[in-house]
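Dear colleague,

I am passing on the structure we spoke about, with notes on what turned up in it. Please read them alongside the coordinates.

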Amino acid sequence: MKEILENIRHGRHEFEKTQLGGIECGEPFSLFEKWMIEAIEKEEKEPNSFALSTVDKESQATSRIVYLKDLLEGQFVFYTNYRSKKASDIEHNSKISMLFFWPAISRQIRIKGICTKLDAALSDAYFDSRSRSSQIGAWASNQSEELEDRNELEIRVREFESKFPSTVPRPQHWGGYQIRPTSFEFWQGRSSRLHDRLVFELCGNNWESHKKNP
Ligand SMILES: Cc1cc2nc3c(=O)[nH]c(=O)nc-3n(C[C@H](O)[C@H](O)[C@H](O)COP(=O)(O)O)c2cc1C
């Protein structure tokens, strides 16, 4: 998946229009990968972006867009600030929801899962692969905290640029999360509102699937 995401602009793949398919594969990951490739082929603008929904202590749900950066041994990976609003929500309640929407191919994928911090070594490796400006940005931004004015942020960028003239270490407050999915719903738009919906649910160690009315 990492290569697919990295080669977002280069792949070539036959797009099978309005075919849901996948029920025969018995597990959701191959269908997820197939749909991601087709979204890339159809030049969706941000194919690896998804809405991440979390729930806070007051049982209030919040959504925001983040980038899917990897699919590692059945776990979806994204990166963020560990002091952000989403991080504090996840600490309180690790049950999250992910939503991919690809309008050019009339598809959405809804995923429920359990979110935990990624291994520090994997976060280090990803942080090292980022551009210097993104690395400095991770130090400079107190994500989700109030900002008096943009100047304050620019001053912090300059401070960290001089603090780290060559290598930039990963801040402890920045890193990855992994999401272990417990259910998937694949939705394919069809004519006359007779859309296809295919659900996979994790039962013990096995995936069970069924179709749903649109
Ligand atoms: C296309 C797009 C991609 C984004 N990707 C990320 C991401 O990978 N990680 C991240 O922390 N924020 C990302 N953001 C910003 C988040 O949507 C959000 O504003 C930020 O993470 C703070 O969220 P929070 O206050 O709910 O924690 C992205 C926003 C957009 C529009």
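**The ligand and its shell**

In this predicted model, 16 residues lie around the ligand, and those that come nearest are T80, S84, K85, K86 and S144. By class, the shell around the ligand is made up of seven polar, five nonpolar and four charged residues. Among the elements that each supply at least two residues to this shell are strand 2 (61–67), strand 4 and helix 3, and it is strand 2 that gives the most, with five residues.

Five of its seven residues are buried, so strand 4 is largely enclosed by the rest of the structure. On one side of the pairing list, strand 3 (residues 70–72) runs antiparallel to strand 4 and is joined to it by three bridges, with F76 of strand 4 as the bridge partner of L71. The hairpin that these two strands form has two residues between them, and in this hairpin E73 takes a positive phi near 45°. Strand 7 is also antiparallel to strand 4, and six bridges join the two; here T80, one of the residues that come nearest to the ligand, has G175 of strand 7 as its bridge partner.

**The cores**

The largest nonpolar core has 30 residues, and within it M98 and I109 have the most contacts.

**Confidence**

The mean pLDDT of the protein chain is 90, and 91% of its residues reach 70 or more. The stretch to treat with caution is residues 9–17, where pLDDT stays under 50 and for which the model has nine contacts beyond four places in sequence.

With best regards

Notes
Residues numbered from 1 in each chain as written. Predicted model: local features only at pLDDT ≥ 70, side-chain atom pairs only at ≥ 80, totals over all residues. Core = buried A, V, L, I, M, F, W, Y, C linked by C-beta atoms within 7 Å. Buried ≥ 20, exposed ≤ 12 C-beta atoms within 10 Å, placed from the backbone. pLDDT = per-residue confidence, 0-100. Contact = placed C-beta atoms within 7 Å. Helix = DSSP H or I, 4+ residues; strand = E, 2+ residues; numbered from the N terminus. Pairing = 2+ DSSP bridges. Near = placed C-beta within 6 Å. Nonpolar A, V, L, I, M, F, W, Y, C, P; charged D, E, K, R; others polar.
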